[in-house]
Amino acid sequence: MSLARPATRPAAAPAAGAELAGSAAAAAYLTERCLLDGPIGRVGLEIEAHCFDLAEPRRRPGWSQISAVRAGLPPLPGGSAVTVEPGGAVELSSPPLPGVCAAIEAMARDQAVLRAAFAGAGLGLVALGTDPLRPTGRINPGQRYRAMERFFAASQTGQAGAAMMTATASIQVNLDAGPAAGWAERIRLAHALGPTMVAVAANSPLLDGAFSGWVSTRQRVWSLLDAARCGPILGAAGDDPRTDWARYALKAPVMLVHTPQAVPVTRYLPFADWVDARVLLDERRPTTTDLDYHLTTLFPPVRPRGWLEIRYLDAVPAAVWPAVVFTLVTLLDDPELTAPAAAAVAPVATAWDTAARVGLRDRRLRAAAERCVALAAERAPAALTASMTALRDAVADARCPADRFAEQVIDVGLEPAVTRLAAGVC
């Protein structure tokens with residue numbers, strides 16, 4: 001989903017496709033494009049779900065089987081695009097819509113059509129942050145993903161890389177960057193809300209058939225990858241997010257070179273070293289096209305792409321994801337709530353690992369979550385009453401979705417618990 005707006009290009013920045021003369025030219029290109037000045041209000045959603053065979057849940061459905069269902073889908077009423085992740089997770093990506101309620105309503109309609117189509121093929125879609133049952137395994141034949149596997153293996157993160165690509169599922173929220181004067185405050189808040197929202201949405205207590213000891217194993221997987229590629233982008237002050245992003249992107253190691261095939265770079269090579277010709281890849285300096293491709297291999301929790309991609313939420317059940325999305329968007333987009341939200345999460349603004357490990361059992365995260373959900377609930381329309389009530393009750397009890405799923409696994413066993421979710425039985 002793109003929230004990009006047309007923008008003029010300053011003469012100082014390189015043209016699209018041009019060879020980059022050095023780090024300064026690359027930084028100018030990055031700072032010009034990473035955030036686009038304009039009003040807030042549009043919201044887009046990207047929601048993933050693991051695909052399971054209802055009759056044989058330990059079997060990973062193949063690429064051709066999932067592709068056949070996808071090819072037979074009717075036009076989705078909310079306009080979402082459907083893609084398939086490397087491990088077979090299915091993703092719905094909505095168009096940008098005017099406001100969070102419109103985005104939630106459209107996504108819910110599209111999910112209903114998608115689930116019915118997959119059920120008709122004997123497949124179920126499961127909203128968990130990690131695949132709890134099956135070993136990691138790639139089914140998407142795309143050359144990019146084969147190259148990514150080689151990169152992760154060479155960088156000694158093969159296990160975490162495989163889990164990230166083939167065993168995780170998330171909710172991504174896309175928002176306008178907003179007016180330039182408020183970028184620093186807006187992006188600081190998007191980061192500061194992260195640990196609290198990770199705790200609220202934690203829904204991945206198992207991976208590859210075993211309890212991990214973390215309520216958000218998905219967040220744990222991301223933390224095991226290179227922080228230069230997956231860590232937060234903000235500098236110490238966070239006063240200039242465009243400069244922070246340029247610095248982050250130039251320091252991040254090159255994963256792939258597009259030649260046009262994706263070729264893995266199997267040694268640690270910051271993009272700055274390539275663009276400054278300390279090392280040449282493919283016997284040349286990079287172009288702006290290479291830099292754009294490099295940006296697609298960076299996975300910070302908040303990624304600027306003209307708009308803001310907020311990437312830190314686990315996939316959660318249908319009963320609560322509308323409330324989770326509404327809470328996050330409302331706290332960022334309602335100007336009356338940004339200050340109280342920032343105050344509420346300030347004590348836990350960097351507690352990423354604590355949130356992923358214990359979630360709302362941490363008293364400070366629970367207090368922040370209660371305040372944040374209460375603030376958003378005051379703005380919630382009647383259509384979201386049930387979802388907001390379910391979320392408020394869970395937070396008040398210090399329970400995240402992972403707790404409920406873990407209890408189901410203990411009560412009935414892992415395979416039956418997954419099968420029930422795949423069949424739509426909560």
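Visitor: Cys230 first: is it buried or exposed?
Guide: Buried, with a relative accessible area of 10%. Keep in mind that this is a predicted model.

Visitor: And how many disulfides does the structure hold?
Guide: The count is 0. Cys230 is in no disulfide, and the nearest cysteine sulfur, that of Cys34, sits 19 Å away.

Visitor: What about Cys51, buried or exposed?
Guide: Cys51 is buried, at a relative accessible area of 2%.

Visitor: OK, switching to the strands. Which way do strand 1 and strand 3 pair?
Guide: Antiparallel, over 4 bridges. Strand 1 covers residues 42–53, and strand 3 covers residues 90–93.

Visitor: Which residue in strand 3 does Ile47 stand opposite?
Guide: That would be Leu92.

Visitor: And how many bridges join strand 2 to strand 3?
Guide: There are 4, and those two strands run antiparallel. Strand 2 is residues 81–84. Thr83, for instance, has Glu91 in strand 3 as its bridge partner.

Visitor: What sits between strand 2 and strand 3?
Guide: They form a hairpin with 5 residues between them. Gly88 is in that turn, and its phi is positive, about 100°.

Visitor: Back to strand 3: which residues are on each side?
Guide: Val90 and Leu92 are on one side, Glu91 and Ser93 on the other. All four are buried, so both faces of strand 3 are covered.

Terms used: Residues numbered from 1 in each chain as written. Predicted model: local features only at pLDDT ≥ 70, side-chain atom pairs only at ≥ 80, totals over all residues. Heavy atoms only, no water. Buried < 20%, exposed > 50% of the residue type's maximum accessible area, 1.4 Å probe, protein only. Pairing = 2+ DSSP bridges. Disulfide = S-S within 2.5 Å.
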